[in-house]
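Here is a short report on one protein model. Look through the sequence and the structure first, then read on.

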Amino acid sequence: MDQREGFLARLRRGLSRTRAAWAGRLEHVLAETGSSENDWEALEELLLGADFGVQATQRLLAAVRDTSRAGSGNGTELLRRALAGLLKENQGMEGRRYSASPWVTLVVGVNGVGKTTTIGKLAHQLEQSGKRVLLAAGDTFRAGAVEQLEIWGGRAGAEVIKHGPGQDPSGVVFDAVHAAQKRHADVLLIDTAGRLHNKVKLVEELKKMRRVLGKVQQGAPHETLLVVDANTGQNAIAQARIFQEAVGVSGIVLTKLDGTAKGGVVLRIQQELSIPMEYVGVGEGIDDLQEFDPDAFVDAFLE
């Protein structure tokens, strides 16, 4: 079994709680879909229960109804096609990623969502693919944040650029970009604070970091990834709106998908915010984060 197949197996296991929450009801409803309005209402209830949200649920139901009238495929296959189609509407970086050198990725999100571990896992994958990676410890306020990043940097084989506790994060990223340029690094991954209880200060801090990055590296940040916890549901949407306003999020990293019965939040985020899903995480291991594959996700979701 190669690494990709291993991840897909973990993704299926990760989504098992979502499938278990439906307890076979999905198959029954889909087998009967189209025979009565009650069946459509039952399907709507299931989708909302899996945290697809109202907007995504309505679009899914409309798509399934349209294809159902055409008589093409059974209920499960109709939902599979509709779900995959909607997930592919907002495409991510694809071949554009790492087109600049150094490629600067700003990683944002509230504390506790797995932001630092996500950076470590990304660094590991990039180092394994032959890229030279530097990490910037832009969260200078949370106790232990720099040490945690250094631990992950050590695992990934990536150097960490840091300042002392409480120092200006913009100074860290300024030095980190210059270090990445001097060392001919391919990628710079920047950790940031997530103190949402002080929203105004956090937003201004992130805006300043973004301005500094743009001055020292053309086009930087080239990518801004928002890390959200799959278990937070509506809170994930609210968080995304805050960070989107502050720094212009280009992609989502959804962590802890293995611990939720609300797997539908993947589509909900894409539909309500028009932000591509870039990566999904299904565990704590260094290989438990992969680029988002809509077809693989739907297969695991509806297995």
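Helices (H or I, at least four residues) and strands (E, at least two) are DSSP runs, numbered from the N terminus.

The model is predicted: local features need pLDDT of at least 70, side-chain atom pairs count only at pLDDT 80 or more, and totals for chains, interfaces and linings use all residues. Residues are numbered from 1 along each chain as its sequence is written, and side-chain values use heavy atoms, with hydrogens and water left out.

## What H11 packs against

Several H11 residues are buried, including Ile 237, Ile 242 and Phe 243. Buried means under 20% relative accessible area, exposed over 50%, and partly exposed in between (1.4 Å probe, protein chains only). The buried residues of H11 pack against strand S1 (103-108), helix H10 (199-216), strand S5 (223-229) and helix H12 (265-273).

## Arg 268 in H12

Arg 268 is found in helix H12. Arg 268 counts as buried because its relative accessible area is 11%. Its side chain joins that of Asp 51 through a polar contact of 2.5 Å. A polar contact is a pair of N or O atoms within 3.5 Å; within protein, one must be able to donate a hydrogen and the other to accept it, and residues adjacent in sequence count only if both atoms are side-chain atoms.

Contact in general means heavy atoms within 4.5 Å. Leaving aside neighbours within four places in sequence, Arg 268 is in contact with Asp 51, Phe 52, Gly 53, Ala 56, Gln 234 and Ile 237.

## The nonpolar core

The largest nonpolar core has 95 residues. Such a core is a set of buried Ala, Val, Leu, Ile, Met, Phe, Trp, Tyr and Cys residues joined through side-chain atoms within 4.5 Å. Leu 254 and Leu 257 have the most contacts inside the largest core. Beyond its neighbours within four places in sequence, Leu 257 touches residues including Leu 11, Ala 230, Val 266 and Phe 297.

## A loop glycine

Gly 144 is found in the loop between strand S2 (133-137) and helix H8 (145-156). Gly 144 is partly exposed, with a relative accessible area of 33%. Its C-alpha atom is separated by 9.5 Å from that of Pro 165, 21 residues apart along the chain.
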